[in-house]
Amino acid sequence: WFPPQSQLSQALNGLSDRAKEAKEFLVQLRNMVQQIQENSVEFEACLVAQCDALIDALNRRKAQLLSRVNKEHEHKLKVVRDQISHCTVKLRQTTGLMEYCLEVIKENDPSGFLQISDALIRRVHLTEEQWGKGTLTPRMTTDFDLNLDNAPLLQSIHQLDFVQMKVSSPVPAPPILQLEECCTHNNSATLSWKQPPLSTVQVEGYILELDDGNGGQFREVYVGKETMCTVDGLHFNSTYSARVKAFNKSGVSPYSKTLVLQTSEDTQSEEQTLPFPVPLERSQLRRMSPFSSTLNLQPSFSGRSYFELRSSAHQLSLHSSLQSLNSAVDIKKMVAVAWFSFDPASAHADIIFSNDNLTVTCNSYDDRVVLGKTGFSKGLHYWELSIDRYDNHPDPAFGVARIDVLKDAMLGKDDKAWAMYVDNNRSWFMHNNSHTNRTEGGITKGATVGVLLDLTRRTLTFSINEDQQGPVAFENLEGLFFPAVSLNRNVQVRAGSG
């Protein structure tokens with residue numbers, strides 16, 4: 001026999017278990033709300049990109065078809081103009097012969113007329129024969145025998161729709177971070193995770209996310225099948241948050257629990273300060289990895305790293321600026337040197353690289369984007385770009401961008417870039433396709449464009465030939481930014497020291 005108090009206690013224990021399960025279920029549902037919102041944004045971005053790609057393909061095809069029409073137009077004009085020229089010459093010759101014959105008929109000397117009459121008659125008959133059949137018929141029609149067969153494409157556009165994917169299996173369960181295998185060393189962190197022990201759902205891969213060490217937004221740093229990742233080049237003496245999720249063909253799992261990591265205090269020589277400017281021959285000895293203001297995220301296994309910021313023996317020194325632009329800023333603190341060259345891996349396919357990836361141009365008349373290899377999330381950074389070629393007054397753009405910025409449009413057309421675009425007379429600032437602050441003064445061949453990214457004050461400022469161009473261009477900047485340029489085939493840009 002159990003007393004009522006014991007029975008009630010046992011019943012409460014069971015109810016408590018149910019309440020605990022309900023709380024965990026509510027957390028799962030709230031995570032689903034967040035996941036739905038994130039997936040919606042990602043899906044909308046993918047849809048817009050796919051539709052934009054179709055529009056770009058149609059525009060390219062339109063240009064090709066217009067080129068064919070122009071060729072047909074030129075061909076028709078040439079044939080008709082040649083026939084006009086030929087007919088004019090023959091008509092002039094015929095008219096001259098007719099006038100000569102009329103003068104001969106008026107001649108009063110019969111013997112003289114008899115001497116030349118036979119030859120003139122033969123010449124008149126020969127000239128008449130030359131105006132034979134087809135001579136006075138146009139060789140070319142005025143109609144363009146080109147009919148655009150657009151019916152199949154219009155039908156395809158009307159039929160464009162989503163394909164409902166059949167769910168063959170449920171989405172994976174959230175991975176479990178293996179705390180005993182997660183650790184930090186200096187400014188590197190190693191993360192390890194696994195699937196729940198009783199999970200039988202097939203997993204195709206994992207997505208590891210890390211914040212910026214300052215409580216900022218998470219971003220993906222690894223996508224792959226492995227269950228361990230080493231992240232190098234983090235900030236010293238910073239606190240990072242990490243999380244991971246799994247995915248298969250059916251979808252993406254909720255996130256794992258968030259792990260907080262603390263990097264070591266900096267005791268390394270690479271964080272020592274340098275006077276500015278650093279002579280180039282000396283700065284060659286200052287190449288350092290990791291960079292004090294750069295994320296250098298590389299997996300310790302096969303997979304895909306979103307930020308692969310490596311330096312080579314030929315990359316340029318781009319100093320963090322300690323000078324002001326027309327007194328726009330007054331910086332006295334000395335900071336370390338960072339490095340970058342342009343990145344072929346993330347650039348549009350039309351970008352052409354030379355000079356150890358320090359010089360770029362383009363083989364297209366449309367604007368194409370190229371990024372620097374190094375991203376900046378903290379500190380003060382200044383770099384210069386020299387205009388080595390400038391033909392037909394194009395309007396290249398210079399600035400900073402996220403890693404996933406549009407590569408087939410002018411820099412600043414989307415919300416992933418902050419830029420100044422400039423022609424030979426004036427400039428504008430542009431972000432999210434919004435144009436502001438028109439400023440007089442442009443660029444020519446040999447000009448130098450300076451970019452000052454101050455992530456302490458969260459501002460972006462531009463200069464042309466060392467004079468500040470307009471006011472402070474952008475404020476409230478936060479996150480990871482890559483140096484960026486957009487240009488077409490009429491421009492060649494070379495990265496230079498700040």
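Buried means under 20% relative accessible area. The structure discussed here is a predicted model.

Q: What makes Trp 418 count as buried?
A: Trp 418 has a relative accessible area of 10%. The cut-off is under 20%, so Trp 418 is buried.

Q: How do you know that Phe 481 is buried?
A: The relative accessible area of Phe 481 is 0%. Buried requires a value under 20%, and Phe 481 is therefore buried.

Q: How many aromatic pairs does a search of the whole structure find?
A: The search finds six. One of them is formed by Trp 418 and Phe 481.

Q: Why is the pair of Trp 418 and Phe 481 called edge-to-face?
A: The centres are 5.4 Å apart, and a pair needs them within 6.5 Å. The planes stand at 80 degrees; over 60 counts as edge-to-face, so the pair of Trp 418 and Phe 481 takes that name.

Q: What makes this pair a tie between parts that are 63 residues apart in sequence?
A: Trp 418 lies in strand β18 (residues 417-422), whereas Phe 481 lies in the loop between β23 (467-468) and β24 (482-487).

Q: Why is the pair of Phe 429 and Phe 474 called tilted?
A: Their ring centres are 6.1 Å apart and their planes are at 55 degrees. Stacked needs under 30 degrees and edge-to-face over 60, so this pair is tilted.

Q: What makes Arg 243 a charge over the ring of Tyr 255?
A: Arg 243 lies over the face of Tyr 255, at 3.7 Å from the ring centre; the distance limit is within 6 Å.

Notes: Residues numbered from 1 in each chain as written. Predicted model: local features only at pLDDT ≥ 70, side-chain atom pairs only at ≥ 80, totals over all residues. Heavy atoms only, no water. Helix = DSSP H or I, 4+ residues; strand = E, 2+ residues; numbered from the N terminus. Buried < 20%, exposed > 50% of the residue type's maximum accessible area, 1.4 Å probe, protein only. Lys NZ or Arg CZ within 6 Å of the ring centre and 35° of its normal.
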